[in-house]
Amino acid sequence: MASALDPPPTGPTVGQFPIAGLVRKARRLAGLGQRQMARFAKVAPSTVGRVETGEMTPSLAVLERLLGAAGLYLAVVDPDGRVIQPMADWDDTRDGAGRRYPSHLDTILDPEPGEWWGDIYGLARPPETFHRCPIDREARRRRSQWEVRVAQHRHLPPPKDMRERY
């Protein structure tokens, strides 16, 4: 049984924010009534009311339309509040069968000798490949971050270069 001191249930959330509160705030910022917001978002007026009371959890598409009616956008941010941009999809990062290389691996275009796992077997090198070893990938990312974020890492020694390990 809930205590009288417990906060009231907020319903569905986006991160730590209740969806009902986000939609109400968006409507207030835009100065729209529920009917106006519903018309701009192309949903039924009862949908806006049910979302605002927490009675209904909207789909992502409906939530996006409701916020869009108020001139707002959904965004993905990291823990520091920076907006995350989507990965680009290039045609030259696909294999001969048209399959996309895994997004969690760093793509190497025109690999140099020794960068591809098949080099030790004498196989012909492809025009693109990726680093499979997670330890090597993380070391490369640390080095890249150190080089790019100079002000942040000014007082730290540079991470070891991958070529120095061997």
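How many aromatic pairs does the count come to? The count is 0 aromatic pairs, taking ring centres within 6.5 Å as the rule. This is a predicted model. Its protein chain holds 6 helices and 4 strands. One ring does have a charge over it: that of Phe-40, under the charged end of Arg-39.

**Overall layout**
- From the N terminus on, the elements run β-β-α-α-α-α-β-β-α-α.
- The protein chain has 166 residues, and 24% of them count as buried.
- Take the contacts between residues at least 6 apart in sequence: 34% of these join residues at least 24 apart.

**Helix α1 against helix α3**
- Two packed helices are described by the angle between their axes and the distance between the axes.
- Helix α1 spans residues 19–30, and helix α3 spans residues 45–53.
- Their axes come within 6 Å and cross at roughly 125°.
- From α1, the contact involves Ile-19, Ala-20, Val-23, Arg-24 and Arg-27.
- From α3, Val-48, Val-51 and Glu-52 meet them.
- By class, the contact of α1 with α3 has 5 nonpolar and 3 charged residues, with no polar ones.

**Charge and ring**
- The charged end of Arg-39 sits over the ring of Phe-40.
- It lies 5.8 Å from the ring centre, and the cut-off for this call is within 6 Å.

Terms used: Residues numbered from 1 in each chain as written. Predicted model: local features only at pLDDT ≥ 70, side-chain atom pairs only at ≥ 80, totals over all residues. Heavy atoms only, no water. Phe/Tyr/Trp six-rings, centres within 6.5 Å; stacked < 30°, edge-to-face > 60°. Lys NZ or Arg CZ within 6 Å of the ring centre and 35° of its normal. Axes fitted to C-alpha atoms, helices over the stretch in contact; angles between N-to-C directions. Helix = DSSP H or I, 4+ residues; strand = E, 2+ residues; numbered from the N terminus. Contact = heavy atoms within 4.5 Å. Nonpolar A, V, L, I, M, F, W, Y, C, P; charged D, E, K, R; others polar. Buried < 20%, exposed > 50% of the residue type's maximum accessible area, 1.4 Å probe, protein only.
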